[in-house]
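Trainee: Could you walk me through reading a model like this one? I'd like the general idea each time, then the case at hand.

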Amino acid sequence: GLLANLIKRSWNDQQQQVGAVVMKFTIQRDGTLTDIVQQTRSGYLALDQSAERALRLTASVPPLPNRFSGDRLTVNLTFEYH
């Protein structure tokens with residue numbers, strides 16, 4: 001959706017290897033991204049770093065919608081390299 005598209009605009013998926021990295025992070029009520037950690041590694045440092053860099057460059061996304069009752073939302077996002 002929108003969230004993945006925003007983040008992946010900062011992501012370089014043109015790598016020499018094929019693999020996938022699952023990143024876990026938290027979206028605060030105001031849209032700030034925090035608690036960025038790798039859930040799974042691809043086995044290739046460049047791929048892992050590219051996924052993490054995309055999240056850190058994005059830094060924030062639109063605030064959580066009013067209908068969302070929590071203070072934060074934890075997300076797992078898969079970055080796939082082909």
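**Starting from one residue**

Mentor: Let's start with Ser50, which is buried, with a relative accessible area of 3%. Buried means under 20% relative accessible area, exposed over 50%, and partly exposed in between, using a 1.4 Å probe and protein chains only. Keep in mind that this is a predicted model, where local features need pLDDT of at least 70, side-chain atom pairs count only at pLDDT 80 or more, and totals for chains, interfaces and linings use all residues. Residues are numbered from 1 along each chain as its sequence is written, and side-chain values use heavy atoms, with hydrogens and water left out.

Trainee: Which residues does Ser50 touch, not counting those up to four places away in sequence?

Mentor: Contact means heavy atoms within 4.5 Å. On that basis Ser50 touches Trp11, Asn12, Gln15 and Tyr81. Ser50 itself sits in helix α2, residues 45–58. Helices here are DSSP runs of H or I with at least four residues, strands are runs of E with at least two, and both are numbered from the N terminus.

Trainee: What span should α2 have, and how far apart are its end C-alpha atoms?

Mentor: The expected span of a helix is 1.5 Å times one less than its number of residues. For the 14 residues of α2 that gives 20 Å, and the end C-alpha atoms are 20 Å apart, which agrees.

Trainee: Which residues of α2 are buried, and why do they line one face?

Mentor: An α-helix has 3.6 residues a turn, so residues three or four places apart point the same way. In α2 the buried ones are Leu47, Asp48, Ser50, Ala51, Ala54, Leu55 and Thr58. Seen down the axis, they fall within an arc of 165 degrees, so they line one face of the helix; the arc is that of the directions from the helix axis to the C-beta atoms. These buried residues pack against α1 (2–8), β1 (19–28), β2 (33–40) and β3 (72–81). The face turned away from the buried side carries the exposed residues Leu45 and Leu57.

Trainee: How many salt bridges are there?

Mentor: The rule asks for a side-chain nitrogen of Lys or Arg within 4 Å of a carboxyl oxygen of Asp or Glu. By that rule the count is one. Glu52 and Arg56 form a salt bridge at 3.0 Å, N to O. Both lie in α2, four residues apart, about one turn of the helix. Glu52 is partly exposed at 27% relative accessibility, and Arg56 is partly exposed at 49%.

Trainee: What order do the strands of the sheet take?

Mentor: Strands of a sheet pair through backbone hydrogen bonds, either parallel or antiparallel. Two strands count as paired if DSSP finds at least two bridges between them. Here three strands form an open sheet in the order β2-β1-β3, with antiparallel pairing. β2 and β3 are the edge strands, each pairing on one side only. Five bridges join β1 to β2, and Ile27 stands opposite Leu33 in β2.

Trainee: Where do I find positive phi values in residues other than glycine?

Mentor: Most residues other than glycine have a negative phi. Asp35 has a positive phi, near 55 degrees. Asp35 is in strand β2 and is exposed, with a relative accessible area of 53%. Ala59 also has a positive phi, about 65 degrees. Ala59 follows α2, in the loop between α2 and β3, and is partly exposed at 39%.
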